[in-house]
Every structure is written in C-alpha cells, then in structure tokens.
Amino acid sequence: MTEVVSLSGPEQHDDESTLKVSSNYSKDTKVGEGTYAVVYVGVQKSSHRKIAIKEIKTGGFKDGLDMSAIREMKYLQELRHVNIIELIDIYSEHNGLNLILEYLPYDLEMLIKDKSIIFTPANIKSWMLMTLRGLHHCHRNFILHRDLKPNNLLLSPQGVLKIADFGLARSLGAPNEELTSNVVTRWYRAPELLFGSKHYTGAIDIWSVGVIFAELMLRTPYLPGANDMDQLIVTFRALGSPTEANWTNVSKLPGYNKINIYPPPTRQELRNRFSAATESTLDLICSMLMLDPLKRCTTTEALLSKYFVESPRATDPKSLPKIVPKNK
Amino acid sequence: MAASALNGVVEGTGNEKPSKGVTFDDLYRTSSQYRIWSFTKDELLAKRIETNKRGCQITLAKASKVKNPHTLMFESVDVETLTIEEELLLINFFARKAVGLANMFKMPSQVRGTAISFLKKFYLVNSVMEYHPKNIMLTCLFLAAKVENYFISINTFSKKINNTTPESILKYEYQIIKSLHFTLMVRHPFRSLYGFYLDLQDVMPRVDKNVIGKSYDKARGVVNEAIMSDAIFLFTPPQISLAAWRKADKELIDRYLKKKFLKERKSKIKNGLVSIKEEKEDSASVSDSGSVTVKKEKENENDEKEAEDGDENDSEDEYRKNYQKLLEVIENCENTIIDKNSREPSIDEAKLIGKKVHFCINPAKTFKRKREDADAETPGDNSLSVNSAASKEHSSTAIDLSEATKDTEDEQESKRLKV
C-alpha cells in the first residue's frame, strides 16, 4: 500500500478539547506542552487502555524533525522494560508524528513535595530499586539517559516507577568521540560534567540517582546550586573538593578550577545529615556520589549492594504511597 | 535476594524468584535491528520481489493515464519498468555517492553507515520506481547525521550540495522515518571490529602489535564495503566484522578463531584428552617482514593441565561443532559482502537506469518531452545537460547536482497533472 505524502502543513484542528485523530486512539485532554511536543491524555480504543499521546510538533523547525524527538523515538523503540516508559505505538497524521506512551499520571517530584505523605525506608528502597533496574537496562544497552531527576521518574497508577523523557539520551560514546558536557538538569549534574568533561560514561546517570536517593531521604533537593558556579560550591561543600589525590587527572578537565577546597565529609557528618540512614544505605549513597567517575559504582554493583539485601524489604509497588487525586 | 535485584525483567521489586540471566545475545534480539530488519536470504528476496512488483504496478498505472495534450486521448506509452537487479544497482550507485558526500562533510563512520542503512531499508519498503534514490540518499544522509548526534543545519548541508534546497531535502524526511517503521537505531560492525582488535591482542599476545594494527586498518576498509552489502540484513555486526577481517587477513583471523574458540576450551578439557594439531601452531608470531614463525607456547600447556571434571567429551564435541558453525556463518557472510547484490554499476549503467527511473516516476513528463523533441527536432533540453557551474570540489557529486532539480520539477509537474 502506498501513501501519497501530503506536503502541505498540518491540517487545522478543532478547538474542541476532544480531537478526533485516529481510528485507534482518541486524544482527549491536553495535559502539557514542551518545546517540541504537546502531550494529551487519550484512550486506546481497542483495549480501552488509558494512554498518553506525545504529539511532536513538525512545523516551525527549520532543520526538520527536532533532535529531541529523534532521540526519544530512537531509544524508546529499543528499550522494553517494566521500569522504562513503554512506547506503545507511533502513528502519523498530517505529516506529523504521535508517540503513544503508557499513561503515567504521577512523578516522583510530586510525591517528594507532598509533605502529607510519609516515606518509610522500605518505600525509598522500592523506588531506588525500580530506578536502578530501569537504568541498568539502559546501560546494558549502552544507552545513557543524561537527564535523570525526580520529575522524569514517572509512576503508574499501580505504583510502578518508570524512567521517562529520553530527549537527551544518547549511545555510549566511542573511545575518541567527544560528547557535550551540557547535559543533565543542574542539581543532578555529576562533577565531571560541571568541569566540562567531553568523555563520560553511565557514571553520570549513577550520580543523578545518588542525588535523587539523597533527596528521597531529605525530602528536599540535596545539591540545589543557584547557577553553574554555585553548583560546584554546593556540591563540593557537601561532598568535599576533588583533588589529584582522590581523583586522578581531575586537574586536566577543561573546566577544572580550584575554587574553595572543602574537606570530604566525615562519616559522622554524613550520619548526621542522613539521620534515618543505615550504614549500608550510607555506603550505597557514598559509592554513587564518588567524585571520581571511575570510582563510582555501576548499576550492577548498586543492585548487588548490601542495601538491597538487608531488611527492610522493598515495599511492593502496589502498596507504595500515592498522590491522592485532586477533586475536580 | 541479591540475584533477583539485578533481574530487572521481572516485574516488581525483587521479591520474586530469580530467573536466568540476560545475555548480550538476548539483548540483541530485543533490538529493532533484529526484530524488524534481519531476514533470511529468502525473506529478503521475497521482500524485494514484492516491492519491485508494486513499483511496476504503480508505473504501469501511471503510464496508462498518460494523455496526449492535443487530442486528449490516452496514449499508448512504451513502459519499461526496472528489474530488481536494476533497482539494486542504482541503490548501490547512490550508496557510494552518499559515502562521497559523507567524506566531504567529514562525517564520522557511524553517520555514513547509518545513512547507507537507511537508504537500503527505505528501498526494501519502497521501489526505486516510486522515489529516485538520489533524492532519498541526500535526505537519508541529513537524517543520519541527526540520528548519530552529528548535527548539521539544513542550510549548511544544502548549500554544499548543488541544486538542492532545504525544502527539497527535508520533504522526504518524514516519508523515510515512516518507511523505517520509526526505528532509527543502527548497530554497526565498527564497534565490534574494534572489540575484536582489542581481544586479538589479548588472545594472541605474541603477534606484533603493529602487524595487528595494519591488519585492522585493512579490515576497516572491508567493513566499509560490507555495510553497503546485504550482509547488514542477514548477519549481526560481530559476524560482519569477523567476516570483513577474515576477508582482509584470512591467515590471522583463522588462527585467532581457532585459538579463541577451540583452544580456550582446553582449560576445561581433561588432561591429555585432546590435542588438536592446529592449536599447537597458533601461538605463531608474525615478524615485520610478514613471514610467520611458529613458536611453542608454554603457558598454554599449563592450562591444559588445569583440567576440570565433568562431561568434557561432550562439550568438546559441542565446541567443535560451534566452531564449525561459526566458520560457516562467517564464510557465508564473506560471500554476501561480495555477491552480485552489492555490485557497483558503471557510470554509464547508472545513467541508463537513471533515465528509466525518470520515466517510471513520471511517464507523462517523459512522454511529453519525447514528443516535444520529436516535434521540434532539436535536442535542446537544458535540464539534461550537466551543470557546468558545479565547482571542482563538488565534481564528485555532479550527477546529483545536475539531476536533482530536474526531478523536483518532474514531481511538481506530476502534481499539477494529477489535479
């Protein structure tokens, strides 16, 4: 079957909130708008399954399809995992693209901010476990996420956590390939990125998970730098400054500067900061937040760490705290 | 359990029983490259037959609607459709053009490889008789650059290629993505070739590093050929890279394979049970002059003595079998790299097929031109002449330059005709 591709622009939509878009999916309410996409909630008609539709804007981009849309499509097509958002389908209309994604109404940031909810250590372990499993699947497929933050960890109505937003993802660089260091939302940015490193690995994602781990325990952002310079200070005040002694060749990184030298935190200081943490919890946080990316743990090491073996057992997703839906 | 914490495929939080580990082979099988774009030889041929058939039907349907503008009667037009072989030749021709352009833009090898992969996949789904490969090739290259994180703005890209406009390139982007079934990830043999390069030094420590390096460079050249062949649809990237290297340096790779896939087993085989002759020879070192000297390797004899218990007789047989199978696959792959489907046509051949394609894509236009030529009895058709303004540095792309615009006109014309 051939299809004549329309070269005209997208046809005009109704202004109604319910838009008829395809025989398989209904596009109901608009729930969000980003730089390259508009997100709607809809229903897969055959299964009555609730879905999210990411409508990729095609007009107005002078270089054709936007890079973020390309990345999202490229990587989500390859990743099938219970802890990664599912790309159910892609369909096209009016020369535009619609990504059909599973419907995930909440994110971890909403939970962290809802102070009426109490996090138990078992809850935190459950979210960490699901995050690390999803990330492990990315990394074993040689894919870096490059934008992990609570806002991108979505939650299904059944409580299952799923990594979303692959608009900044890329494949692990070849040995001599230069990567851009301008990735990851600032508060979750690893020190090698802050120093402008052009060669990095999945360790940058592990750092982000470490910061999220800390945030889950503190219920407030752990390293909230006000700007890129401040981010260095905030990071090193909390975790100590990198030196050639604890991070070989750090001084050769393009953006390296010896601003203030902070001593590394003592174990007791860490215990005081994370008062509810067990020793193996602290061990795992510390190994995720090692300044030297080569010393940072991998997803495999994190998943095999003592933290996940010791009591309490991770909460079953179904029993995790949820956002109470607001009254309409 | 710790083991189940690693096992992310199982739903939940690790309270379930552990399942078998996930291997890299398992992961490869989840890739779109395996799921959607890997075929047996027969499947691949069937797909091409189907696409060619559809291309012919479309062409014939178009031709049957050609009317004489003066009499408004249907004209009987001689339709000359393309064979599968002709389609392939033209695709191969433009795949090589894409390589030339990619080099001009100093694009990394992944971009080049991805562009070729897109082009070849596009024509499993669409016929050359529907879309001219010179247009599709340009869009594939532009898209591949974005997909591989090597962004070039459409203005820069178009400016460097004569007779293109941003619009003439971008207009196929969507059709290509759709034909690719929205799968953009391509796994190339470059990475695995580099992996074998590292492993080879490890497995054969006595071979001069420079010799391996030179051999590796030759293998890279063959890989560049291989990614233009049907091997990308029939074999995995590691298979292609091994086959390419074996084509470049059979002697070295045969020794490597034996040592890797037969000798390594020895540590698991009962002392004295096996003594495969070739294995004794593989610790050869190649001197600078290229001659091979065979040495005995003491360390491996020790390995043999570190035998383990178990049913080694069976597994020894199995390893032999697997080794034979591997060799067979690699040899098949080597043959695919050089088979007729990857033949590059001569320029004259390509021009001839190119003319046919113009007719197939737009019979009305071609018919009109023929009539006009006959009526006026003058050969003055500007659009057919080679663009003399093409600068020297772009001379390698002269063909797309002179014909790209003409084709755009053709399509515009055809739209008007449809209306």
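Buried area is the accessible area, taken with a 1.4 Å probe, that two parts lose on being put together, summed over both. Between chain A and chain B of this predicted model, that area is about 4300 Å², of which carbon and sulfur atoms give 56%. Local features here need pLDDT of at least 70 and side-chain atom pairs count only at pLDDT 80 or more, while totals for chains, interfaces and linings use all residues; side-chain values use heavy atoms, with hydrogens and water left out. Residues are numbered from 1 along each chain as its sequence is written, and chains are lettered from A in the order in which they are written.

In terms of contact (heavy atoms within 4.5 Å), 52 residues of chain A meet 51 residues of chain B. The count of salt bridges between the two chains is 0, a salt bridge being a side-chain nitrogen of Lys or Arg within 4 Å of a carboxyl oxygen of Asp or Glu. The interface does have 12 residue pairs in polar contact, both residues at pLDDT 80 or more. A polar contact is a pair of N or O atoms within 3.5 Å; within protein, one must be able to donate a hydrogen and the other to accept it, and residues adjacent in sequence count only if both atoms are side-chain atoms. On the side of chain A that touches chain B, the elements giving two or more residues are α1, β5 (87-93), β6 (96-102), α3 (121-140), β11 (170-171) and α9 (299-303) of chain A. Helices (H or I, at least four residues) and strands (E, at least two) are DSSP runs, numbered from the N terminus. The largest share of that side, 7 residues, comes from α3(A).

Chain A itself is divided into domain 1 (19-102) and domain 2 (107-319), with bounds from an automatic or database domain assignment. Their C-alpha centres lie 29 Å apart, and the contact takes 14 residues from domain 1 of chain A and 22 residues from domain 2 of chain A. The area buried between these domains is about 1400 Å², with 60% from carbon and sulfur atoms. Tyr75(A), Leu79(A) and Asn83(A) supply 41% of the area that domain 1 of chain A buries against domain 2 of chain A, more than any other three residues. The count between the domains is 1 salt bridge. Glu102(A) forms a salt bridge with Lys162(A), with the closest N and O atoms 3.4 Å apart.

Helix α1 (residues 67-76) of chain A gives the most to the side of domain 1 of chain A that touches domain 2 of chain A, with 6 residues. Of the 10 residues of α1(A), 9 are buried, so the helix is largely enclosed by the rest of the structure. Buried means under 20% relative accessible area, exposed over 50%, and partly exposed in between (1.4 Å probe, protein chains only). Among the buried residues of α1(A) are Lys74(A) and Tyr75(A).

In chain B, Gln33(B) is found in helix α3 (residues 32-35). Gln33(B) counts as buried because its relative accessibility is 7%. The side chain of Gln33(B) reaches the backbone nitrogen of Arg187(B) at 2.6 Å.
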